Amino acid sequence: MTDTKSANIETVKIQDIELEVERRGSGAPLVLLDDEESLTRESGVVDELAKSFEVIIPEAPGFGKSSRPDWIESMDDISYIMLDYLDQAGIEKATLLGFSLGGWIAAEMATKNLARIGRLALVDPYGIKVGGPWDRDIQDIWFLTKEEVQALKYADPANGEIDYTEMPDEKLEVVARNRESFARFCWQPYMHNPKLKRRLHRIDVPALVIWGAEDGVVTPDYGKAYADKIPGARFEVIADGGHFPHLEQPAAFMDVLGGFLAEAQKAA
Amino acid sequence: MYCWHFTEMPYPDHPDPDTVPSVRVSLPNKHFDPKLGADLYNRYLDEHLIADDLGLNIMLNEHHQTATCLDVAAPLSAAILARQTSKARICILGNPMSNRADPIRVAEEMAMIDCISRGRLDAGFVRGVPYEVFAANTNPTQTLERLWEGIDLCVKAWTHRDGCFNFEGKFWHKRSVNIWPTPYQKPHPPVWITGSSDKENIREVARRGFTFAMFLQPHVKVREMFDAYRECSIYDDPEDVRRHIAYMPLVATGETEEEAEGFAKKVAWYLGAKTAPQFRNPPGYVPVSFNVNALKGTYSGRTDAVRTKGIEYLKEQGVLMYGTPDQVFEQVEAFYGHVGGFGQLLMMQQAGHMTHEETVKSMTLFAKEVYPRIREEFDFKPANKGAAAQ
């Protein structure tokens, strides 16, 4: 997917799944779990991180070019596959950084097994339900128009404009399949695992939760409630950032993440 | 060939389309007047009784959260008609199995209707149109898997006669299934399934010996899908293959061309009913290849062409058959030729603001002046007569 010359993309077999894994840069391992649109992977954020870390990007089953057997049905399934990957790749003391859906996967992984995870950073993750049955905690992006969704996702909706008409088919297939997989895993319960909220207390590594102040899909209030469930987690808000604050405000985002990662590097 | 009367039982009075984003899924039900609803239900059921008197069969369907279709429970309509009609076969097309909570409940309902009607039920199953996933909350990427698992479970419940069986599938778990009653027809009522573009699924319908039905598509597309069905049909006799192939156009028959055109414009209302774009293509309902084209802007839903073009185009395509009895017969005949033959003509003869009097006039003209010619021209060979649809 990426045009970066230094890109090193391999296919790793986990059970019956072909997992697409990209590695960039060198240094302590930073496992980056991409958002559901595979946008982060192509952003400058990865290049910045690759200056100090070996950034390892395993695409979740059904996303990017990773395969999706029928038995994979939930973030619960996917998080186990990702833990299997960490074992198989022999990654130690990883910094686990997840964006949006990838943040949810990272949170699931961290509640299950921290043996290979040194610290955790989540950026506008989905995954929990905060309110009661009548509350709309996470805006229903599949019920709304494209324009309404862009307005919720971005501080400035123009930042979310993508011209698909000029995109090669190979890339469009990834976009279309990402959307399909996202719905397959997150349709019901809508964008959350009812059990996850009761498991976040198990995360006993340093944790940072970053949120876009203008995220309208999952608001900063939701983010604060999420962070509060993780013992000792720091919660940081990025001004003028939406659901993907790292894409809209990369400098401010790297400032916040930078301090946290510097500690990670020192610890490694 | 058998002919079937159909209406979606529409609630025709919608707000100005410019003032609402969609008449399906999200149109507030404050626009529904139950007094008018009561009149409409009774009127549409009366029209089905008239169809029975006229020698037409009856088709029913259901949709949810939409002003285009007040029949939200086809088994309820079928139960009423099973009791109130005497000759017509009653086809539910269909039970939205993918969106049903419990296939065993469906098996029981169908068995009961089949008994009340003394074996006049055709039990159709549908995956459900895209916008139904919002009302049912069915995962749009799993509708086909649910459809087949549900059908398998339902057919097993109909045909298993020796006490309880268990089932632990992907979507449903049952510890002890043993339905009472069983269907009147043995081994079970004819099963019908709809399709529009997924050839592999159509082949699966054929391999099981079920009837395949297609709705409101241009004849070239219909031919392609019917050919896919014929390739895999389990029936040796071409007459039996044909008997298991159904098509639904809009049909409007008038005494004069002018009258027919007036009726045609009214039934074409159905194709123009406004649905918000996100409801027409939820993620994963159609394959990735379709959505690649959607991203390029060359595909915007399953029925775009028929929604936007006029009645002349619809007539050429066989989506809307209208005219004097002679003209309607000629259009059926032409369509039959275009698609390589079919055995069941499902006719949406009422939609939108087509009044009771107009509907009855159109139905009656069809039944008395078109249907006899169709029976003569496209009848099944004598050896197969009386075998109904399956």
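Mentor: What follows is a discussion of a predicted model, taken term by term.

Trainee: Why are strand E1 and strand E8 of chain A said to stand at the edges?

Mentor: The eight strands of chain A form an open sheet in the order E1-E2-E4-E3-E5-E6-E7-E8, with mixed pairing. Strand E1 (8-14) and strand E8 (234-238) of chain A each have a single partner strand, so one side of each is left without a neighbour in the sheet. From one strand to the next, the twist averages 25 degrees.

Trainee: What makes strand E3 and strand E4 of chain A a pair?

Mentor: A pair requires at least two bridges, and strand E3 (residues 28-33) and strand E4 (residues 53-58) of chain A are joined in the parallel sense over four bridges, so the term applies. Pro29(A) stands opposite Glu54(A) in E4(A).

Trainee: Which residues touch the most other members of the largest nonpolar core?

Mentor: That core has 101 residues, and those with the most contacts to other members are Trp4(B), Phe212(B), Leu250(B), Val267(B) and Leu346(B). Helix H3 (residues 103-116) of chain B gives the most to this core, with seven residues. Apart from it lies another core, of 72 residues, which includes Leu49(A) and Leu96(A).

Technical notes: Residues are numbered from 1 along each chain as its sequence is written. Chains are lettered from A and ligands numbered from 1 in the order in which they are written. This is a predicted model: local features need pLDDT of at least 70, side-chain atom pairs count only at pLDDT 80 or more; totals for chains, interfaces and linings use all residues. A nonpolar core is a set of buried Ala, Val, Leu, Ile, Met, Phe, Trp, Tyr and Cys residues joined through C-beta atoms within 7 Å. A residue is buried if 20 or more other C-beta atoms lie within 10 Å of its own, exposed if 12 or fewer, and partly exposed in between; C-beta atoms are placed from the backbone. Helices (H or I, at least four residues) and strands (E, at least two) are DSSP runs, numbered from the N terminus. Axes are lines fitted to C-alpha atoms, for helices over the stretch in contact, and angles run from 0 to 180 degrees between N-to-C directions.
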